[in-house]
Amino acid sequence: MRVAVAGGTGLVGRYVVEELTAGGHEPVVLARARGVDLVTGAGLDAALAGAQAVVDVSNLQTTGAKTSIAFFEKSGRNLSGSGARAGVRHQVLLSIVGLERVPFGYYQGKLRQEEVLAKDGEVPWTVLRATQFHEFAQQVLERVPGPLAVVPRMRTQPVAAREVARHLVGLVLGPPRGMAPELAGPRVEEMTDMARRLLRARGQRRLLLPVRLPGRTGTAMAGGGNLPTGPGPRGTQTFDAWLAENAVRDGAKEG
């Protein structure tokens, strides 16, 4: 099957491409590095020619609602529109657990992206909401470089990005399901503990400062707003197992 992967050069996207290739399918990467711009639509129609399905794992580095909404609104409409013209039969979108409960600016864009696909689009769809990846602890630490590590108080049930990719591929090869059951990792963790264990595993000395984000967002994050509320598939790799496999190796690269 020819499957287009929007954001195919990103963290999850690379794993999706690997899974599709290993399964004998034909992945097509949609990314600016490959001449495809989701926001302007440049190159989309040509890239989607002959595609039977789409996996959308596109992402944007921002915490602002206005920027997030603008990006996901525009890119979602372009992707859905080109998909309909190309005769795509199934589009799968990766989203985030807890969007309605946590009023984080970035999440408002993801909500709009879901709406564009589910309410305004013409392509049959599936939305998979997943919890944060194990790599999220590293991303948090990288936002504030230096001797002080500022980490938000947050309860999460992290999952391996590779396991998310495998689940997305399984979904896109099947029939459209609408809202799929939420995917999470095997264990609930505190983000500050994850960051502390990551620093220790890499032998990095930074003063860790836990902070509670202001307002309803901070209350929701600290109170478990990002945790799944119902039954669903669960990954098997714990954060500690992921650390053993990745942290020392990646830390050595940074050094």
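Predicted model: local features only at pLDDT ≥ 70, side-chain atom pairs only at ≥ 80, totals over all residues.
In general, the strands of a sheet are held together by backbone hydrogen bonds, in either a parallel or an antiparallel arrangement. Strand β4, which spans residues 90-96, is joined to β5 by 6 bridges in the parallel sense. Within this pairing, glutamine 91 has tryptophan 125 of β5 as its bridge partner, and valine 92 stands opposite threonine 126, also in β5. Strand β5 itself is mostly covered, with 5 of its 6 residues buried.

Serine 95 is located in strand β4 and is classed as buried because its relative accessibility is 2%, under the limit of 20%. Its side chain is joined to that of glutamate 114 by a polar contact of 2.6 Å. When residues up to four places away in sequence are not counted, serine 95 touches Lys110, Glu114, Val127, Leu128, Arg129 and Ala130. Glutamine 113, in turn, belongs to helix α4 and counts as buried, at 3% relative accessibility. Beyond its neighbours within four places in sequence, glutamine 113 is in contact with Asp56, Ser58, Phe72, Leu93 and Leu94. The C-alpha atoms of glutamine 113 and alanine 220 are separated by 22 Å, with the two residues 107 places apart along the chain.

Threonine 131 occupies the loop that runs between β5 (125-130) and α5 (136-143). Although placed in a loop, threonine 131 is buried, with a relative accessible area of 3%. The side chain of threonine 131 reaches the backbone oxygen of glutamine 157 at 2.7 Å. With neighbours within four places in sequence left aside, the contacts of threonine 131 are Val97, Gln157, Pro158, Val159, Leu183, Ala184, Gly185, Asn226 and Pro228.

Aromatic pairing was examined over the whole structure, and 5 pairs were found. In one of them, phenylalanine 104 and tyrosine 107 have ring centres 5.3 Å apart and planes at 80°, so the pair is edge-to-face. Both phenylalanine 104 and tyrosine 107 are buried. A stacked pair is formed by phenylalanine 239 and tryptophan 242, with 5.8 Å from centre to centre and 20° between the planes. Both residues of this pair lie in helix α9 (residues 239-254), where phenylalanine 239 and tryptophan 242 are 3 residues apart, or about one turn of the helix. Phenylalanine 239 is buried at 1% relative accessibility, and tryptophan 242 is likewise buried, with a relative accessible area of 4%.

One aromatic cluster comprises Phe71, Phe72, Phe104, Tyr106 and Tyr107. A charged residue is also placed against this group: lysine 110 lies over the face of phenylalanine 72, at 4.9 Å from the ring centre. Phe72 is among the contacts of glutamine 113, and Lys110 is among those of serine 95.

Leucine 208 touches Ala149, Val151, Thr192, Ala195, Arg196 and Leu199, residues up to four places away in sequence not being counted. Leucine 208 and arginine 187, 21 residues apart along the chain, have C-alpha atoms separated by 22 Å.

Notes. Residues numbered from 1 in each chain as written. Heavy atoms only, no water. Helix = DSSP H or I, 4+ residues; strand = E, 2+ residues; numbered from the N terminus. Buried < 20%, exposed > 50% of the residue type's maximum accessible area, 1.4 Å probe, protein only. Polar contact = N/O pair within 3.5 Å; in protein donor to acceptor, adjacent residues only side chain to side chain. Contact = heavy atoms within 4.5 Å. Pairing = 2+ DSSP bridges. Phe/Tyr/Trp six-rings, centres within 6.5 Å; stacked < 30°, edge-to-face > 60°. Lys NZ or Arg CZ within 6 Å of the ring centre and 35° of its normal.
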